[in-house]
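Q: I would like to learn how to read the features of a model like this one. Where do we begin?

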Amino acid sequence: MRLSPAVKVGTLTLISVTILVFSVLWLKGRALSSGVRITVPFHDVDGMRAGSGVQIMGLRVGQIETITPVITQEDSYVNVKFVITEPGIKIPDGSEISIQQSGIIGEKFIEITPPNVNYVYLPLKTDKTPIGIKEGDKVEVFTFNDEYENYSKVGEIKTTETVDRMSLPLELREQYSSAYVAKIGFVLNVANIELPQVYEPRIETVNSIPVLRLNTKSSKVYYVASNFPYTIKEPTRIREFLDLQLQAAKALNETNNKINAVLSEDVIVDIKDALRNVKTISLKTTELIDKTTALVEGSRNDIDSLLKMANQLSEELALLANNLNTIAGDPEFQKSVVSMTKSLDESSKQISEILGDEKTKETLLYLNETMKNVSEISTSVNELTKDENIKAKVYKTVDNLSSSMETINCLLEKIDKMSPEEKEQFSNIIKDTAETTKNLKKFSEKLNKRFLLFRLMF
């Protein structure tokens with residue numbers, strides 16, 4: 001069937017209009033797709049225009065539709081509206097949206113960075129110990145602002161697993177003493193939250209639900225909740241970048257000047273001298289260590305012999321200790337020791353009673369006086385007479401008295417060996433002989449007086 005000229009003209013006109021509309025929309029950056037549209041407020045778009053691309057991890061997934069400035073007296077900003085044209089693409093909550101540039105002079109585009117997975121570690125007793133939390137559970141951080149301070153939900157658990165501590169990096173391995181640790185991965189799904197510098201993770205139960213809490217009140221972080229689920233990162237202009245570089249250069253120059261002021265020529269000379277001294281000391285220390293090593297090696301045999309003797313001595317002491325323990329633990333030996341102790345105690349008491357008796361003290365006093373008189377008589381005899389017979393008789397008498405005294409002394413020494421009955425008899429004998437010693441004292445005194453008279457006469 002042949003088309004009429006009017007139909008051909010109409011069809012051509014419709015196609016031309018369609019192409020024109022799509023061209024205009026493309027030039028303006030508008031899309032006809034029914035994808036998700038998101039409006040992001042920026043304070044600076046850094047020359048970005050409508051129609052620029054939107055990327056996720058370097059992959060283009062949409063484009064910018066409109067860029068609308070909003071100017072107010074309180075706060076001015078720019079609304080950037082873009083659409084996700086790729087099907088099945090969903091921007092995760094907590095993602096970071098920033099303006100990037102392809103190359104040095106390339107066009108600007110929006111880059112979407114999904115939240116990274118962060119990890120915390122908790123010690124476990126064994127590899128079978130339950131972790132106590134699972135995927136999908138909440139992650140909380142203690143936060144504060146001008147209105148309140150409390151725990152806030154900031155993320156959720158993504159992974160949980162039990163790992164060997166030795167498989168961790170060295171800096172993490174030294175923080176735990178248990179053989180196994182729980183490796184818990186989580187993501188942040190809120191905007192504008194900064195985690196504490198040092199984690200203090202622990203698992204707590206809130207309303208019968210386990211929750212991973214990353215910090216305590218002592219390490220709280222500032223956070224203001226927002227209805228916008230994404231973190232906006234403002235672009236850095238070249239001017240701002242150069243200003244930062246200039247400030248860094250000024251700070252470095254100031255630091256260099258301070259270092260130069262401190263490190264004067266005299267200080268440098270002192271440092272060089274100190275380094276030379278350190279080098280000399282290190283050399284001498286090395287030499288001393290070498291000599292010590294040689295001395296130890298040369299004395300190794302003596303040291304081994306000494307150690308062997310010490311081991312032998314310790315073994316003999318251990319054997320002696322065992323023997324003493326055996327002897328001390330013998331019931332018969334214990335009974336003998338107890339019996340001997342009681343006997344000594346009784347003997348000492350009886351001796352104390354005998355020596356403390358008045359008659360005994362009186363007898364000993366009389367014996368001492370008698371010995372004194374006998375000594376004086378012997379002296380007088382030597383001075384008064386030259387007759388050997390008289391001397392012999394007197395000496396014999398004195399010897400007899402001395403023998404008696406020695407016998408008494410020996411008897412006193414044997415008191416310890418007497419039985420209680422014998423000691424009782426000895427006490428009675430002491431009492432009976434008290435009068436005899438008293439008479440002996442009187443006789444010696446009279447005899448001494450007579451010899452004294454003889455000395456006066458002659």
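A: We begin with how elements are named: helices (at least four residues) and strands (at least two) are DSSP runs, numbered from the N terminus. This is a predicted model. With that naming, Asn 192 is placed in the loop between strand S10 (180–188) and strand S11 (202–206).

Q: How many helices and strands does the chain have?

A: The chain has nine helices and 14 strands. Of its 458 residues, 25% are buried. Among contacts with a separation of 6 or more, 63% join residues 24 or more positions apart.

Q: Which phi does Met 57 have, and where is Met 57 found?

A: Met 57, not a glycine, has a positive phi of about 55°. Met 57 is found in the loop between strand S2 (53–56) and strand S3 (59–70). With a relative accessible area of 66%, Met 57 is exposed.

Q: How many residues of S10 are buried?

A: Seven of the nine residues of S10 are buried, so this strand is largely enclosed by the rest of the structure.

Q: Which strands pair with S10?

A: Strand S7 (residues 118–124) pairs with S10 in the antiparallel sense over seven bridges. Strand S9 (residues 149–164) also runs antiparallel to S10, and nine bridges join them. Phe 186 in S10 gives a place to look: Asn 118 stands opposite Phe 186, and Ile 157 stands opposite Phe 186 as well. When following side chains along such elements, keep one general point in mind: in a regular strand they alternate between the two faces of the sheet.

Q: How should I read a lysine such as Lys 108: is Lys 108 buried or exposed?

A: A residue counts as buried under 20% relative accessible area. Lys 108 has a relative accessible area of 12%, so Lys 108 is buried. Lys 108 is found in strand S6 (residues 108–113). A polar atom of the Lys 108 side chain lies 2.7 Å from the backbone oxygen of Asp 46. Beyond its neighbours within four places in sequence, Lys 108 is in contact with several residues, including Asp 46, Met 48, Ser 52 and Ile 99.

Q: How many salt bridges does the structure hold?

A: The structure holds 13 salt bridges. In one of them, Lys 220 and Glu 149 have their closest N and O atoms 2.8 Å apart. This pair links distant parts of the chain, 71 residues apart: Lys 220 lies in the loop between strand S12 (209–213) and strand S13 (221–222), and Glu 149 in strand S9. Lys 220 is partly exposed at 33% relative accessible area, and Glu 149 is partly exposed at 34%.

Q: Which residues are linked in a network of salt bridges?

A: The network links Lys 138, Glu 140, Arg 202, Glu 204 and Arg 213. The side chains of Lys 138 and Glu 140 meet at 3.8 Å, N to O. Lys 138 is partly exposed at 32% relative accessibility, whereas Glu 140 is buried at 7%.

Q: Which residues make the nonpolar surface patch?

A: Ile 259, Val 262, Leu 263, Ile 268, Ile 271 and Leu 275 make a nonpolar patch of about 510 Å². Helix H3 (238–262) and helix H4 (265–298) are the elements giving two or more residues to the patch. H4 supplies the largest share, three residues. Ile 259 is found in H3 and is partly exposed, with a relative accessible area of 40%.

Terms used:
Residues numbered from 1 in each chain as written. Predicted model: local features only at pLDDT ≥ 70, side-chain atom pairs only at ≥ 80, totals over all residues. Heavy atoms only, no water. Buried < 20%, exposed > 50% of the residue type's maximum accessible area, 1.4 Å probe, protein only. Polar contact = N/O pair within 3.5 Å; in protein donor to acceptor, adjacent residues only side chain to side chain. Contact = heavy atoms within 4.5 Å. Patch = residues over 30% accessible without salt bridge, like charges linked within 9 Å, V, L, I, M, F, W, Y side chains within 5 Å. Areas by Shrake-Rupley, 256 points an atom, 1.4 Å probe, with all protein chains shown as cover. Salt bridge = Lys/Arg side-chain N within 4 Å of Asp/Glu carboxyl O. Pairing = 2+ DSSP bridges.
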